[in-house]
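This briefing covers one protein chain, topic by topic. Please look over the sequence and the 3D view before reading on.

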Amino acid sequence: HRPKPRWIKAMAWTSPVPVIEDGQSTEISEDLPSLLVTVALLSGRSATVRLKSNSYVHELRRKAEDELKVPLKTMVHGRDSTALRNSWTISGHLGDGDLVFATVDGAKQPREPRHLRAFACLREDGSLHPWGDSLTGGVLPPSVASTATAVAAVVGSHSAFAARLVDGTVITWGSPHAGGDSEAVKGELTEVREVYATHSSFAALKQDGSVVTWGAWYAGGDSTAVRDQLQDVTKIFSSSVAFAALKTDGTVVTWGMPRGGGDSRKVQAQLSEVVEIHSTDYAFAALTRCRRVVCWGDTEHGGELPSSMEDSLVDIHHLSSNDGAFCAVTCGGRMVCWGDLPVVGQPWEELTQVVDVCVCEGSVAALCADGHVVSWGACDSSRIKDQLTDVQRVVASTLAFAALKGDGSVVAWGPWYAGGDASNVQDQLVEVRDICCSHMAFAALRCDGRVVAWGSPKHGGDASEVQEQLRDVELLRSTEAAFAALTAQGAVVAWGMAGAGGQLPQRVKELRDVREIC
């Protein structure tokens, strides 16, 4: 793991402006009429939300996220497909009974390890084709290739892959030390519902709620000590070296490296009615039904709250995390951060209602309800604050930020070598609909299916060699130093460091029926 700078470990601050609670305002009477708005996902799930007519879109987003239990990305009006912005009022853009379509924001889902040096693509027929570093899963061994059919999903640890097949069995390949060898538990890997990963191990959740683990014992590969407790599990979360299993009754079971979140005995009594868990490299933070936060793991990575902050972590709307720190935003827009975070340049007077937080090494960026962004630490945004308006989303590489604005333009800041300078491609960053990042570069997907890359060329910041192939792109994925794009024709295009998946083998270049890249 990368060495981390040593910063002061905790901070909290409050917006100095009046807080707008659910549908209420400090300036407008509570007697205003209520509206019912239905927010629907592409999967068909929906939630009907009641708000005052003077509420804001960010309040609709928060209530819908609470009901649907997922973070939302784009929200558009069902009548005319107008994109709804957080700073807009409900009364000005929505009426009683209106329908809003929303997409899930995968970037805000609880963080999971990302395979650092290889990709794998799934074809329409369910077959599997990996590429990248051959030592970490970039090549499918002959013994596995014969069974790599009817694949449903693929998950990666640091240097190995696990594929869940349609019949509920699991195949693995890559470094044996990182979970690439599951022979010891092969007989137990049946009726598997989902597979999760730490840095060097895997955990399979079965249909009956039990769990099977393999890989490095110190990183969660050995769950013998808690095997009897691993029943009725609904979801599993991971740090780099430990797992946390959420059960149907809202309790949590942990295992793996004790200092990395594998031992939660000190806070076990508080781990009840848990609805969500987030992690850093060596710690966990759980959000309970009553919207309080419980932490455990390494103190320097956010595993323990300073006593002065315990009363601050109530009424939490959502959590976010990076490798070493957590950030929480309350339902009233108050922001609390702890762990390995910078303290220099705290923008006390500038923060209004915070709706999202993005963090990279040494920096924090806060997105406020009115669409402006404030960042501090190594990536201070004060120099470009006039450009950071009407922002819809912020994405972070290891050391830099990129903000996607409502008009489809992008603002980047931070070290130039990490993607913080997009001036060479600024005129191409128009009508952008998504941004993906490697460790030191960004790639933007435009509405017309073209892709714009910037940042370190060695990490995928230069796509000039494949630019003509980057047409009708529908999906972007990344490793630590490469990007892969999936086109509407089912073809794959890759660029960046060859040893990290940036160079396609001929067998993958020829494919025209790929449905997913992992």
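Is Gly297 buried, partly exposed or exposed? The model is a predicted one, and in it Gly297 has 25% relative accessibility, so this residue counts as partly exposed. The cut-offs behind that reading are under 20% for buried and over 50% for exposed, with partly exposed in between.

**Chain overview**

- The protein chain contains 4 helices and 35 strands.
- It has 518 residues, and 57% of them are buried.
- Taking contacts between residues at least 6 apart in sequence, 49% join residues at least 24 apart.

**Gly297**

- Gly297 sits in strand 19, which covers residues 293-297.
- Beyond residues up to four places away in sequence, Gly297 touches Arg259, Gly261, Tyr282, Ala283 and Gly303.
- Ser279 is 18 residues from Gly297 along the chain, and the C-alpha atoms of the two are separated by 9.5 Å.

**Nonpolar cores**

- The largest nonpolar core is made of 19 residues.
- Val39, Leu60, Leu68, Leu72, Met75, Leu94 and Val100 have the most contacts inside this core.
- Two or more residues of this core come from each of strand 2 (34-41), strand 3 (46-52), helix 1, strand 4 and strand 5 (99-104).
- Another core, of 18 residues, lies apart from it and includes Ala418, Leu429, Val432 and Ala444.
- Val39 is in contact with Arg45, Ser46, Ala47, Leu60, Ala64, Leu68, Leu72, Met75, Val100 and Ala102, leaving aside its neighbours within four places in sequence.

**Second largest pocket**

- The second largest pocket holds about 660 Å³ of space.
- Its lining has 36 residues, and Arg61, Lys73, Thr74, Leu84 and Gln392 lie nearest the centre.
- By residue class, the lining has 13 nonpolar, 10 polar and 13 charged residues.
- At least two lining residues come from each of helix 1 (57-68), strand 4 (72-77), strand 21 (325-330), strand 23 (354-360), strand 26 (391-396), strand 27 (401-405) and strand 29 (432-437).

**Gln392, a lining residue**

- Gln392, one of the residues nearest the pocket centre, belongs to strand 26.
- Its relative accessibility is 26%, so Gln392 counts as partly exposed.
- The side chains of Gln392 and Asp390 make a polar contact of 3.2 Å.
- Not counting residues up to four places away in sequence, Gln392 touches Leu84, Arg85, Asn86, Leu367, Leu404, Lys405 and Gly406.
- Of these, Leu84 is also among the residues nearest the pocket centre.
- Gly406 is 14 residues from Gln392 in sequence, with a C-alpha to C-alpha separation of 5.9 Å.

- Ser200 lies in the loop between strand 11 (192-197) and strand 12 (201-206).
- Ser200 counts as buried because its relative accessibility is 8%.
- The side chain of Ser200 is joined to that of His199 by a polar contact of 2.8 Å.
- Leaving aside neighbours within four places in sequence, Ser200 is in contact with Ser157, His177, Ala178, Gly179, Gly215, Ala216, Tyr218, Ala219 and Ser240.
- Val373 is part of strand 25, residues 373-377.
- With 2% relative accessibility, Val373 counts as buried.
- Val373 and Ala403 are 30 residues apart in sequence, and their C-alpha atoms are 8.5 Å apart in space.

**Positive phi in residues other than glycine**

- Ala150 has a phi near 55°, a positive value in a residue other than glycine.
- This residue is in the loop between helix 3 (142-145) and strand 8 (151-156), and at 35% relative accessibility Ala150 counts as partly exposed.
- Arg291 also has a positive phi, near 65°.
- Arg291 lies in the loop between strand 18 (283-288) and strand 19.
- At 19% relative accessibility, Arg291 falls under the 20% cut-off and so counts as buried.

How values were computed
Residues are numbered from 1 along each chain as its sequence is written. This is a predicted model: local features need pLDDT of at least 70, side-chain atom pairs count only at pLDDT 80 or more; totals for chains, interfaces and linings use all residues. Side-chain values use heavy atoms; hydrogens and water are left out. On a 1 Å grid over the protein atoms alone, a cavity is a set of points where a 1.4 Å probe fits but cannot get out, and a pocket is an open set with protein on both sides within 12 Å along at least five of seven lines; lining residues have an atom within 4 Å of a point. Grid points are joined across faces, edges and corners, and a volume is the space filled by probe spheres set on the points. Ala, Val, Leu, Ile, Met, Phe, Trp, Tyr, Cys and Pro count as nonpolar, Asp, Glu, Lys and Arg as charged, and the others, Gly among them, as polar. A nonpolar core is a set of buried Ala, Val, Leu, Ile, Met, Phe, Trp, Tyr and Cys residues joined through side-chain atoms within 4.5 Å. Buried means under 20% relative accessible area, exposed over 50%, partly exposed in between (1.4 Å probe, protein chains only). Contact means heavy atoms within 4.5 Å. A polar contact is a pair of N or O atoms within 3.5 Å; within protein, one must be able to donate a hydrogen and the other to accept it, and residues adjacent in sequence count only if both atoms are side-chain atoms.
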